[in-house]
Amino acid sequence: MITSLSGGRVLAEKSGSTPPAVVALHGWGRDGGDFATILSGLDAVSIHLPGFGPAPAPETVWGTEQYAELVAEAIAAYAPVVVVGHSFGGRVAVRLAARRPELVSGLVLTGAPLVRLAPTVKPPFSYRLARWANARGLLSDARMDDLRNQRGSADYRAAQGVMRGVLVAAVNEDYDDDLRALTCPVSMVWGEHDTAAPTEAGRIAAERCGARFRVVPGSEHLLTGDLELSVREELMTMLRERNAPA
């Protein structure tokens with residue numbers, strides 16, 4: 001069932017009753033419907049992040065900090081909550097928990113690209129020359145877009161308008177300080193064959209924030225099959241631990 005939060009500014013899929021104990025944040029190109037199985041039977045909301053599903057895109061390019069601010073506004077009345085984040089939603093979840101720790105009692109993350117395994121490679125000279133020429137009106141915007149599409153990922157090629165800028169902003173962000181700033185319990189569940197967010201990068205991220213880290217054999221990046229079930233198991237464990245008497 002779809003519901004609205006923050007005076008209608010945020011759309012979400014609702015499970016169970018209000019107030020929610022869990023807030024879920026989906027991956028790039030996905031929407032809040034991804035968490036139907038994971039949140040089944042729980043008091044929870046799965047937010048449609050702006051620019052995905054039925055939620056309109058932001059008017060200007062946002063980074064994950066702006067997404068986290070909007071989520072904070074949406075959940076403030078219910079906090080603290082356990083936040084589940086997949087992929088891009090995991091980036092937002094880490095920003096939120098690091099900068100608004102009073103709102104988050106626990107994190108469950110999966111497939112979130114939080115650590116780079118290798119330094120960014122400088123584009124070839126020909127591409128840098130094309131950018132220089134485009135900035136000076138010597139190369140058309142259409143030709144420059146063609147060159148960007150040739151170099152870009154499938155997500156980049158599929159993104160349109162402001163959302164392409166959002167993707168570029170997110171990919172170039174650094175989460176080291178946020179990982180080290182986390183104070184809530186963190187569980188990470190990774191697909192063994194995740195190529196969008198390699199398992200080794202997930203392991204390094206877990207070390208930086210002292211998270212529990214679990215690898216699901218045979219699984220990849222999307223929330224399906226054993227990975228989906230394992231994320232639910234970790235979420236249920238987190239909820240039990242959060243509700244245990246001190």
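Select Tyr67 first: this residue is buried, with a relative accessible area of 1%. The model on screen is predicted.

**Stop 1**

Is Trp62 buried or exposed? Trp62 is buried, at a relative accessible area of 17%. That value counts as buried because the limit is under 20%.

**Stop 2: the aromatic cluster**

Now extend the selection to Trp28, Phe52 and Phe88. Together with Trp62 and Tyr67, these residues are linked by ring pairs into a cluster. The count of aromatic pairs comes to six. One of them is Phe52 with Phe88, a tilted pair: 6.1 Å centre to centre, 50 degrees between the planes. Which parts of the chain does this pair link? Phe52 is in the loop between strand S4 (44-48) and helix H1 (64-75), while Phe88 belongs to helix H2 (residues 88-99). The two residues are 36 apart, and the pair links distant parts of the chain. Both Phe52 and Phe88 are buried.

**Stop 3: Ser87**

Step back from Phe88 to Ser87. Ser87 is in the loop between S5 and H2. Check its backbone: phi is near 55 degrees, a positive value in a residue other than glycine. Most residues other than glycine have a negative phi, and most peptide bonds are trans. Ser87 is buried, with a relative accessible area of 9%.

**Stop 4: Ser6**

Jump to Ser6, in the loop between S1 and S2. Ser6 is not a glycine, yet it has a positive phi of about 55 degrees. Is Ser6 buried or partly exposed? Ser6 counts as partly exposed, at 22% relative accessibility.

**Stop 5: two cis peptide bonds**

Select Thr18 and Pro19. The peptide bond between them is cis, with omega near 5 degrees. Pro19 is in the loop between strand S2 (10-15) and strand S3 (22-25). Then go to Ala79 and Pro80. A cis peptide bond joins these residues too, with omega about 0 degrees. Pro80 is in the loop between H1 and S5.

**Stop 6: the sheet**

Switch to cartoon view and colour the strands. Eight strands form an open sheet with mixed pairing, in the order S1-S2-S4-S3-S5-S6-S7-S8. Which strands stand at the edges? Strand S1 (2-5) and strand S8 (212-216) do. Each has a single partner strand, so one side of each has no neighbour in the sheet. From one strand to the next, the twist averages 25 degrees.

Look for Val83, which stands opposite Leu107 in S6.

**Last stop: the whole chain**

Show everything. The chain has nine helices and eight strands. Its C-alpha atoms fill a box of roughly 65 × 40 × 30 Å along the principal axes. Colour by surface next: the accessible surface comes to about 11800 Å², and 51% of it belongs to carbon and sulfur atoms.

Technical notes
Residues numbered from 1 in each chain as written. Predicted model: local features only at pLDDT ≥ 70, side-chain atom pairs only at ≥ 80, totals over all residues. Heavy atoms only, no water. Phe/Tyr/Trp six-rings, centres within 6.5 Å; stacked < 30°, edge-to-face > 60°. Helix = DSSP H or I, 4+ residues; strand = E, 2+ residues; numbered from the N terminus. Buried < 20%, exposed > 50% of the residue type's maximum accessible area, 1.4 Å probe, protein only. Pairing = 2+ DSSP bridges. Axes fitted to C-alpha atoms, helices over the stretch in contact; angles between N-to-C directions. Areas by Shrake-Rupley, 256 points an atom, 1.4 Å probe, with all protein chains shown as cover.
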